[in-house]
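I have a new structure open and want to get to know it. Here is what I looked up, in the order I went through it.

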Amino acid sequence: MKRSADDRDRKLPSATDVKPVFITKEERQRLALQRREEAVAEQRRAALDLMQQNHHHPPRPPSSEDPQPPSDNNDRRDRDRDRDRDRDRERDRGRDRDRDRDRERERERERERDRDRRARDREREREDETRSRERARAEKQAERERSKELDAIKEQYLGSKKPKKRVIKPSEKFRFSFDWENTEDTSRDMNALYQNPHEARLLFGRGFIAGVDRREQKKQAARHEKETREEIRRKEGIEERPEEAAAQRKKEAAADLYDSFDMRVDRHWSEKKLEEMAERDWRIFREDYNISFKGSRIPRPMRSWPESKLRPELLKAIEKAGYKTPSPIQMAAIPLGLQQRDVIGIAETGSGKTAAFVLPMLTYITRLPPMSEENEAEGPYAVVMAPTRELAQQIEDETVKFAHYLGIKVVSIVGGQSIEEQGFKLRQGCEVVIATPGRLLDCLERRYAVLNQCNYVVLDEADRMIDMGFEPQVVGVLDAMPSSNLKPENEDEELDEKRIYRTTYMFSATMPPAVERLARKYLRNPVVVTIGTAGKATDLITQRVIMMKESEKLPTLQKLLDDLGDKTAIVFCNTKKSADARAKDLDRLGYRVTTLHGGKSQEQREISLEGFRNKRFNVLVATDVAGRGIDIPDVAHVINYEMPNQIDMYTHRIGRTGRAGKTGNATTFLTLHDSDVFYDLKQMLMQSNSPVPPELARHEASKFKPGSIPDRPPRRNETLFAH
């Protein structure tokens with residue numbers, strides 16, 4: 001198909017005549033493809049016309065008159081077409097470049113306008129702010145001038161008004177408080193007998209009938225007889241005969257021995273065999289270790305590891321772990337656990353509670369069928385729940401220490417780690433799961449774990465779990481266990497020896513109402529074991545409280561840490577921000593310091609704890625995450641840089657020192673902002689015979705429990721001191 005002459009001769013419009021049209025990149029591509037398709041179609045049509053001409057007019061020998069061959073015409077036509085196409089393409093490219101350049105210039109102008117506008121706005125805002133400040137200052141100045149002027153006019157015409165003196169009623173002035181406090185007892189100062197109250201021999205004759213020791217009586221009688229005879233001889237001037245002296249020595253020797261009448265009370269319980277122990281011996285044993293029970297059908301506590309009835313493998317593991325004698329909570333709780341009784345253990349911090357529930361739990365698991373492909377899908381045999389990741393991992397370490405002797409597999413399920421990996425470990429089968437309540441409930445809801453054969457539950461630091469708001473998660477986990485295995489509520493009902501019943505251990509340093517509510521719902525006829533006094537710190541800790549201003553805290557802390565030497569200390573703060581700030585201050589002062597709080601990742605928390613245990617760091621700045629259950633050996637000093645809001649938390653914090661029979665120091669920085677805990681802190685210091693600072697003893701807030709109404713209104717000077 002040939003192009004017409006007027007098409008070829010048509011002049012191309014110049015760039016100035018045609019108004020530019022802006023099209024998108026996709027549109028340009030589509031037009032280029034369309035032009036290419038038209039060119040190809042035109043070439044095909046030209047080739048087809050040529051073939052038809054050759055078919056109707058066969059070639060003949062060329063002659064000089066013949067016109068130029070058609071192939072030359074075709075070549076020329078193709079060249080013209082290619083030239084036109086190249087020219088069109090070049091023109092399109094030039095037009096695109098111009099259009100892009102114009103667009104870029106327009107954008108640059110727009111950006112310049114925006115910058116100018118923003119600068120003008122900022123300048124205007126600054127001017128407005130300056131004007132408003134000046135206006136406010138002028139208004140305040142004018143107001144002060146007006147006020148002064150009015151006061152001057154009032155004073156001139158009305159006279160100055162003197163403040164009226166407050167009249168105190170006699171009933172208020174002479175109101176008498178009939179309640180005595182320990183600090184008001186002056187008898188200690190007035191009477192010499194009260195100066196040394198411990199001089200009385202409190203244990204003299206303990207366990208004897210009417211508190212009378214027959215041997216002591218005979219000794220005193222022999223001594224009295226000797227002194228009387230010597231007095232008579234001296235008066236009469238008679239010398240002692242040898243036979244009399246021999247008889248006297250014989251009497252003294254006989255007085256030092258027990259006769260047949262006294263043989264019933266001859267030895268202390270520690271010198272007797274287990275079968276020789278009488279009820280009186282057990283009572284003295286419980287008094288010696290400050291153990292008290294509440295419940296029915298309570299088994300005897302164990303006196304030593306060989307008497308514990310634990311498996312030989314566990315006894316060997318205990319010996320290798322270096323546990324020579326059981327702690328009081330272990331003496332009381334392990335026999336109960338071996339009988340699968342439900343237990344509520346209330347013991348001071350650092351008393352060895354972990355081994356008290358781990359050893360009976362492992363003994364229980366050894367009586368069950370070993371884990372295999374048939375039963376591993378039904379879940380673990382036992383679950384231990386703890387409030388924090390660090391405590392859960394510490395319990396895991398303690399459990400593994402004993403479990404690997406029995407071939408028992410232990411898995412830890414805590415936050416901060418991959419839940420998929422933990423689910424994979426659970427599916428491989430394990431006998432014991434140690435977990436935080438939130439992550440364990442996640443695993444149960446996502447079907448990574450089931451608790452179809454779990455009949456042994458331990459809630460460690462139960463009060464802390466409730467405080468942290470984990471009660472719904474704990475209840476969710478307990479409800480996921482088979483309820484058919486709960487013991488009957490009637491304790492007189494006989495238990496089926498062939499059945500496995502659920503055993504629940506609950507350990508806590510304090511017993512708030514929420515924990516009691518949980519215990520009533522899930523524990524059946526529990527035995528309450530109390531070691532010492534609930535909520536009380538151990539006597540091995542020397543407590544010291546210093547009243548100070550906020551600005552005095554850091555220099556005092558620096559002085560305490562300088563006195564440490566090569567020992568370790570934990571500095572407690574109430575918030576993550578405060579802990580980070582204190583750590584930065586101490587690091588700047590050159591101390592080897594690390595931090596531990598809820599804002600750190602799990603890996604960072606583990607590194608901090610490990611470094612502190614290995615003495616790479618000697619100061620740990622922490623929040624209450626480290627206040628519960630975490631066992632770091634040989635912490636010499638606990639410093640409460642900020643006093644906690646609750647006295648229970650104070651007990652747990654200072655319990656990080658003075659552990660496993662060792663002594664420790666606890667120092668607390670107290671300010672007037674901590675008045676909510678003044679009363680409880682003062683009571684605790686008095687109970688533990690620790691010094692009470694005079695500022696705390698005198699403060700009004702320390703004399704009455706928060707929320708109670710005082711018997712008399714506070715005096716004026718006391719109110720001023722409080723503020």
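Below are my entries, from the whole chain down to single residues.

**Ground rules.** This is a predicted model, so I kept in mind that local features need pLDDT of at least 70 and side-chain atom pairs count only at pLDDT 80 or more, while totals for chains, interfaces and linings use all residues. Residues are numbered from 1 along each chain as its sequence is written, and side-chain values use heavy atoms, with hydrogens and water left out.

**Whole chain.** I found 24 helices and 14 strands. Both are DSSP runs numbered from the N terminus: helices are H or I with at least four residues, strands are E with at least two. The chain has 723 residues, and 37% of them are buried. Buried here is under 20% relative accessible area, exposed is over 50%, and partly exposed is in between (1.4 Å probe, protein chains only). I also looked at contacts (heavy atoms within 4.5 Å). Of those with a separation of 6 or more, 72% join residues 24 or more positions apart.

The unreviewed UniProt entry puts "domain: DEAD-box RNA helicase Q" at residues 303-331. I noted that UniProt positions follow the numbering used here, that feature names are shortened, and that annotations may be inferred rather than shown by experiment. In the model, that span is 48% helix and 0% strand, and its end C-alpha atoms lie 6 Å apart.

**H10 and H11.** How do the axes of H10 and H11 cross? H10 (residues 328-338) and H11 (residues 353-366) come within 9 Å at roughly 20°. Axes are lines fitted to C-alpha atoms, for helices over the stretch in contact, and angles run from 0 to 180 degrees between N-to-C directions. The two helices are therefore roughly parallel, a label for angles under 35 degrees. Among the residues that meet are Ile329 and Ile334 in H10, and Leu359 and Pro360 in H11.

**H16 and H17.** Next I checked H16 (residues 471-479) against H17 (residues 513-522), which pack at about 10° with axes 12 Å apart. That makes H16 roughly parallel to H17. Their contact includes Val474 and Leu478 of H16, and Leu518 and Tyr522 of H17.

**H21.** Is H21 largely enclosed or open? Seven of the eight residues of H21 (residues 647-654) are buried, so this helix is largely enclosed by the rest of the structure. Tyr650, His652 and Arg653 are among the buried ones. Their cover includes strands E9 (541-547), E10 (568-572), E13 (635-640) and E14 (664-670), along with helices H15 (462-467) and H22 (678-687).

**Two positive phi values.** Glu461 is not a glycine, yet I read a phi of about 50°. Glu461 sits in the loop between strand E6 (456-459) and H15, and is buried at 3% relative accessible area. Lys615 also has a positive phi, near 70°, without being glycine. Lys615 is in the loop between helix H20 (602-613) and strand E12 (619-622), and counts as partly exposed at 40% relative accessibility.

**Ala32.** My last stop was Ala32, in helix H2 (residues 25-56). Ala32 is partly exposed, with 37% relative accessible area. Ala32 and Arg89 are 57 residues apart in sequence, and their C-alpha atoms are 8.6 Å apart.

Definitions and conventions. Angles under 35 degrees count as roughly parallel, over 145 as roughly antiparallel, 65 to 115 as roughly perpendicular and the rest as oblique.
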